[in-house]
Amino acid sequence: MSNSTEYPNTGAMAFIDKHPAQESVKIIDWQGNNRAYSFPTLFAQTSAINLVYSADYVSVKKLLPRQVPNPVRISKNRCLVTFTLFQYGSISDNMEGYNEFVVGTFVSKSRIPLLPAILRNSFESTCTYVFDMPVDAEENCHRGNEIWGLPKTMKKFDVQRTDDHLHCRVSDQGHLCYEISSPLKGKNWFTTNERNRSLSVDKNGRTQASDIHIHSNEQKFFSARSPFASQVEIKFGMMETHAKYRHIGLSEKPLITRHLSNMNSALYAPKSY
């Protein structure tokens, strides 16, 4: 098994060496051919922007399938909803780079408010459940559907980036799905290494989780108290799949806005949760 591909810098190689190939998952790919994927999948030259809002707990809970644990509370009536744009560069198994927009919420089997635990990545039961996940690569869309049961769909991405600002529009045949705009400024993030966990429901209705290891020395963030927060904008399209996020009581500003560049990550195969 090999995670072979070209990685252009030694920082990425040091990370990759810590996550050697462990297993292979075989599927029929989007072209009808047999395809084997080595895990963990390795990503390099990735940039991301992550907007974390608070939202109404009851409204978000209603969006979750019955198999999925409850949202993580940050107060009696509030939980968290995240909107993240990933721009993947080099990927193992000779996959092409692509764009991905993720709408999710933190969930947990525990009833204790776990915001500090999320920030420290210290609770095994805490995961991110994904509500929507548009991408712009056929192979990755099909792979996400088949292996994880993720709600990946093909969409068009228009991303405009300068040194200090990002704008992204995700659309479907000209119709708006999501649009975000944010400064790429702030203070240095707390850590360079993280371990997160993604929760999904496969085609047979079973919950499964995948560990994700992340490394980036180039991370900036700002909080809702920062003057930058008032410059963050998010818009939703008119289709119900996207419009429903207008009705979950999102906070006026994101609690945290984080930008990562030159990020490396390792995505492990899903296991029963």
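## Aromatic rings in a predicted model

Phe-39 is buried, and Trp-148 is buried too. These residues belong to a predicted model. Their rings form an aromatic pair. A pair of aromatic rings is described by the distance of the centres and the angle of the planes.

Where do Phe-39 and Trp-148 lie? Phe-39 is in strand S2 (residues 34-39) and Trp-148 is in helix H4 (residues 138-148), so the pair ties together parts that are 109 residues apart in sequence.

Now take Phe-83 and Phe-236. Both are buried. Their ring centres are 5.6 Å apart and their planes are at 50°, so the pair is tilted. Phe-83 sits in strand S4 (residues 78-87), while Phe-236 sits in strand S16 (residues 233-236), so this pair ties together parts that are 153 residues apart in sequence.

How many aromatic pairs are there? The count comes to 15 aromatic pairs. Ring pairs also build a cluster. Its members are Tyr-53, Phe-83, Phe-101, Tyr-129, Phe-131, Tyr-178, Phe-236 and Tyr-245. Phe-83 and Phe-236, the tilted pair, are thus named again in this cluster.

Notes. Residues are numbered from 1 along each chain as its sequence is written. This is a predicted model: local features need pLDDT of at least 70, side-chain atom pairs count only at pLDDT 80 or more; totals for chains, interfaces and linings use all residues. Side-chain values use heavy atoms; hydrogens and water are left out. Rings of Phe, Tyr and Trp (its six-membered ring) pair if their centres lie within 6.5 Å; planes under 30 degrees apart count as stacked, over 60 as edge-to-face and the rest as tilted. Helices (H or I, at least four residues) and strands (E, at least two) are DSSP runs, numbered from the N terminus. Buried means under 20% relative accessible area, exposed over 50%, partly exposed in between (1.4 Å probe, protein chains only).
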